[in-house]
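Please look through the structure below before reading on.

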Amino acid sequence: MAKTRFYEVYGDQLNDRQARIVSRVFAEGRKGFEDGITTRKYEAITKCPNRTASRDLSDLIAKGIIIPLPDGGRTTRYELTMVEPALPGLMRK
């Protein structure tokens with residue numbers, strides 16, 4: 001249910017690389033990304049250079065699709081934003 005709602009709200013805002021990482025997060029669940037999404041993980045999954053990964057992650061933050069986790073230290077870690085279920089009769093976000 002959360003996956004469906006997420007794609008209803010954000011699906012048309014993702015480029016191919018961003019869609020790939022989001023799909024992977026949903027496929028592996030919270031346990032697979034227990035430490036969050038990092039630039040290094042993003043690079044490995046999408047097979048893109050560091051600058052592209054950083055730019056894509058910044059774009060996802062600006063759109064409210066991911067949020068930084070506290071206590072990131074030297075490496076900032078992110079998680080997907082939780083999307084609230086749609087209420088009957090209300091338009092989507």
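Predicted model: local features only at pLDDT ≥ 70, side-chain atom pairs only at ≥ 80, totals over all residues.

Residues are numbered from 1 along each chain as its sequence is written, and side-chain values use heavy atoms, with hydrogens and water left out.

Helix H1 spans residues 2-10, and Arg5, Phe6, Val9 and Tyr10 are buried in it. Helices here are DSSP runs of H or I with at least four residues, numbered from the N terminus. Buried means under 20% relative accessible area, exposed means over 50%, and partly exposed lies in between (1.4 Å probe, protein chains only).

How many salt bridges does a search of the whole structure find? There are four, a salt bridge being a side-chain nitrogen of Lys or Arg within 4 Å of a carboxyl oxygen of Asp or Glu. One of them joins Arg5 to Glu8, with the closest N and O atoms 3.3 Å apart. Arg5 and Glu8 are three residues apart in helix H1, so about one helical turn separates them. Arg5 is buried at 12% relative accessible area, whereas Glu8 is partly exposed at 38%. Another salt bridge links Arg24 and Glu28 (2.4 Å, N to O). These two residues lie in helix H2 (residues 16-32), four residues apart, and are again separated by about one helical turn. Arg24 is partly exposed at 36%, and Glu28 is partly exposed at 35%. Lys63 and Asp59 also form a salt bridge, their closest N and O atoms being 3.0 Å apart.

The search of the whole structure also finds four aromatic pairs. Rings of Phe, Tyr and Trp (its six-membered ring) pair if their centres lie within 6.5 Å; planes under 30 degrees apart count as stacked, over 60 as edge-to-face and the rest as tilted. Phe6 and Tyr7 are edge-to-face, because their ring centres are 5.8 Å apart and their planes are at 85°. Phe6 is buried, with a relative accessible area of 2%. The rings of Phe6 and Phe26 are also edge-to-face, with centres 5.4 Å apart and planes at 70°. Phe6 lies in helix H1 and Phe26 in helix H2, so this pair ties together parts that are 20 residues apart in sequence. Phe6, Tyr7, Tyr10 and Phe26 form one aromatic cluster.
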